[in-house]
Amino acid sequence: MQGDVAGTSDWPEAGFPGIRVNPESLLPEIVNEDACREALAASTDPSDQIFVLIVEGHAAEAAELLAEARFKDPESFRLRTFEAEVLRVSHRTDRALELFRQLLAEFQGTDREALVLQYMGKTQYAAGQTSAAVEAFARALDLRVAQSADAAQIYSSTVALQRARDVLDLAC
């Protein structure tokens, strides 16, 4: 992508223009402000604005928009995952993981299970629960490969799993 911050072109995609997943923190970061703002300006989906606010760390603003969006579409899978992400950004990791466990139970055996596991692993990793994160990322990767998922999703799971394994190995 043109205009990305130097050294970020091999970072996994985060699902929105100008945003990629930092392979060290495993969290999404804006690497191309112009591309992100252009895509946001062109979007009519409130979840895009919520996602960018989460990435920027603006939990209160994201929560406010999320409440409005969930009122209009309470069953939206994406908005439900963002609810847990807002909790993660708000440093309410236990509650975020509880929501991801609920989503995992609900979507186990579906094509959404791998995404829930990926989010859960990211939250566990950020909370220092590296062993649990390795397990979640490994399961997400296995599912994505078995489902012949998009190459970007498989790459994202591979990078996350390798980083979590590396951190776990250093801790031992």
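**View 1. Charged side chains of the predicted model.** Welcome to this predicted model, whose protein chain carries 16 positive and 28 negative side chains. The centres of these two sets lie 5 Å apart.

**View 2. The overall fold.** Here you can follow 8 helices and 3 strands. Starting at the N terminus, their order is β-β-β-α-α-α-α-α-α-α-α. The radius of gyration is 16 Å, close to the 16 Å that the globule rule gives for 172 residues, so the protein chain is as compact as a globular protein of that length. Along the principal axes, its C-alpha atoms fill a box of roughly 45 × 40 × 30 Å. Among contacts with a separation of 6 or more, 46% join residues 24 or more positions apart.

**View 3. The largest nonpolar core.** Of the 172 residues, 45% count as buried. The largest nonpolar core has 35 residues, and those with the most contacts inside it are Phe16, Ile19, Ile50, Ile54, Phe82 and Phe100. Elements giving two or more residues to this core include helix H2 (46-56), helix H4 (77-89) and helix H5 (93-107). Apart from this core lies another, of 10 residues, among them Phe137, Ala160, Leu161 and Ala164.

**View 4. A close look at Phe82.** Which residues does Phe82 contact, once its neighbours within four places in sequence are left aside? They are Ser47, Ile50, Phe51, Ile54, Leu66 and Tyr119. Ile50, Ile54 and Phe82 are also among the residues with the most contacts inside the largest core.

Technical notes. Residues numbered from 1 in each chain as written. Predicted model: local features only at pLDDT ≥ 70, side-chain atom pairs only at ≥ 80, totals over all residues. Heavy atoms only, no water. Core = buried A, V, L, I, M, F, W, Y, C linked by side-chain atoms within 4.5 Å. Buried < 20%, exposed > 50% of the residue type's maximum accessible area, 1.4 Å probe, protein only. Helix = DSSP H or I, 4+ residues; strand = E, 2+ residues; numbered from the N terminus. Contact = heavy atoms within 4.5 Å. Rg over C-alpha atoms; globule rule 2.2 N^0.38 Å. Lys, Arg positive; Asp, Glu negative; His and termini not counted. Charge placed at Lys NZ, Arg CZ, Asp CG, Glu CD.
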